[in-house]
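Trainee: I would like a close look at one chain of this model, taken piece by piece. Please keep the account connected.

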Amino acid sequence: MLCYSGYVSEDLLDAIGLTLKVRLNEHVEDRKKVKQIFSIFIELMQNLIRYGLEGPKGVTIKDEDHSGFGLVMVVEELDGYVSLISGNYIKSEAVPAMEARLSKVQGKSDEELRALLKDQIRKPTEETSKGASLGLTEIARRSAKPIETSFVQSDDKHHFFMMKAFV
Amino acid sequence: MSNEFLLAASSRTPKVSLNFDTGVLSLSGECYPEDATQFFGALNEALDRHFSNANNLSANISLIYFNSSSARALMELMDKFEDKAKSGSSISVVWSCDEDDDVTQEFVEDLLSDYSAMQLKVELIKSD
């Protein structure tokens with residue numbers, strides 16, 4: 001349905017978000033599904049803007065911690081689900097913290113995720129996540145199936161992180 | 001001094017209005033700003049100005065969609081209202097949720113369940 005790879009900015013999010021909305025309104029009958037897809041999409045894109053790195057081949061990075069680079073895909077699967085996939089490089093040293101954050105949401109029931117959202121919103125922001133472990137919980141909560149994640153080492157300093165959610 | 005605080009809607013932020021005479025606050029639209037702290041900071045300043053010489057507020061929150069960082073900022077807004085209500089201000093909030101978004105409805109219900117001093121009401125609306 002949609003695929004983007006490259007630098008991501010809030011202005012781009014506007015443009016792609018609007019395009020996605022039009023596509024969803026044309027292709028997805030269920031209004032509830034449309035809402036969930038759009039919400040997850042925004043969280044994924046804002047994650048890329050905040051955390052996505054250029055990775056091993058990046059040459060134009062001024063601030064290597066904030067390049068806002070990654071890929072996002074929205075796919076109509078044959079089994080009826082719409083999947084939302086994001087991919088971005090992260091520093092290898094950040095992998096354990098990311099895994100720890102993921103472990104809080106993976107394998108949890110809807111009710112557990114609902115409780116976690118309520119709990120996390122009251123917690124002060126973690127230093128390493130600019131405002132949103134909440135975003136991850138929200139993605140997991142809105143996903144119709146457990147989210148899938150993977151880390152692939154790309155060089156001695158970077159891993160490529162992928163996340164897939166389903167609506 | 002103007003008697004109204006007004007922010008026009010943008011593609012990522014809602015229309016905001018706060019009338020300093022009537023104490024009516026209205027947020028309507030979508031809310032996923034680049035920097036939620038900054039966006040809500042401006043509203044917080046306007047609210048501080050309002051409460052400096054008023055003790056009533058009637059808020060209508062009608063956000064079709066808000067992202068996770070806005071959710072935290074909205075909670076801080078509710079905390080502020082609850083504090084004001086506890087110290088004797090008359091605060092009422094009507095929060096309208098998109099009827100097609102169960103997750104947000106639950107989230108709003110859970111969030112508001114922490115408050116008791118202000119008057120709260122959740123309504124479902126149809127968007128689009």
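Trainee: What pattern does chain B follow when read along the sequence?

Mentor: The model is a predicted one, and what follows should be read as a description of that prediction. Along the sequence, the pattern of chain B is β-β-β-α-β-α-β-α-β. That gives a secondary structure of 3 helices and 6 strands. The radius of gyration of chain B is 14 Å, close to the 14 Å that the globule rule gives for 128 residues, so chain B is as compact as a globular protein of that length. Its C-alpha trace spans about 40 × 30 × 25 Å along the principal axes. Of the 128 residues in chain B, 37% count as buried.

In chain B, 6 strands form an open sheet in the order 1-2-3-4-5-6, and the pairing is mixed. Strand 1 (4-7) and strand 6 (119-125) of chain B are the edge strands, each pairing on one side only. On average, neighbouring strands of this sheet are turned by 10° against each other, direction ignored.

Two packed helices are described by the angle between their axes and the distance between the axes. For helix 1 of chain B and helix 2 (residues 68-86) of chain B, the axes come within 10 Å and cross at roughly 15°. Angles under 35 degrees count as roughly parallel, and the two helices of chain B are therefore roughly parallel to each other. The crossing in which helix 1 of chain B passes helix 2 of chain B is right-handed. On the side of helix 1 of chain B, the contact is made by Ala36(B), Thr37(B), Phe40(B), Leu47(B) and Phe51(B). Helix 2 of chain B contributes Ser69(B), Ser70(B), Ala73(B), Leu77(B), Lys80(B) and Lys84(B).

Chain A can be set beside this. There, helix 2 (residues 31-51) of chain A and helix 5 (residues 133-142) of chain A have axes that come within 10 Å and cross at roughly 150°. These two helices of chain A are therefore roughly antiparallel to each other, and their crossing is left-handed. Residues of helix 2 of chain A that meet helix 5 of chain A include Ile40(A) and Leu44(A), and among those on the side of helix 5 of chain A are Gly135(A) and Ile139(A). The sheet of chain A is an open one of 5 strands in the order 1-2-3-5-4, with antiparallel pairing. Within it, strand 3 (residues 82-91) of chain A and strand 5 (residues 158-166) of chain A pair over 9 bridges, and His159(A) in strand 5 of chain A is the bridge partner of Ile90(A).

Notes
Residues numbered from 1 in each chain as written. Chains lettered and ligands numbered in written order. Predicted model: local features only at pLDDT ≥ 70, side-chain atom pairs only at ≥ 80, totals over all residues. Pairing = 2+ DSSP bridges. Helix = DSSP H or I, 4+ residues; strand = E, 2+ residues; numbered from the N terminus. Axes fitted to C-alpha atoms, helices over the stretch in contact; angles between N-to-C directions. Rg over C-alpha atoms; globule rule 2.2 N^0.38 Å. Buried ≥ 20, exposed ≤ 12 C-beta atoms within 10 Å, placed from the backbone. Parallel < 35°, antiparallel > 145°, perpendicular 65-115°, else oblique. Left-handed = near helix turned anticlockwise from the far one by under 90°. Contact = placed C-beta atoms within 7 Å.
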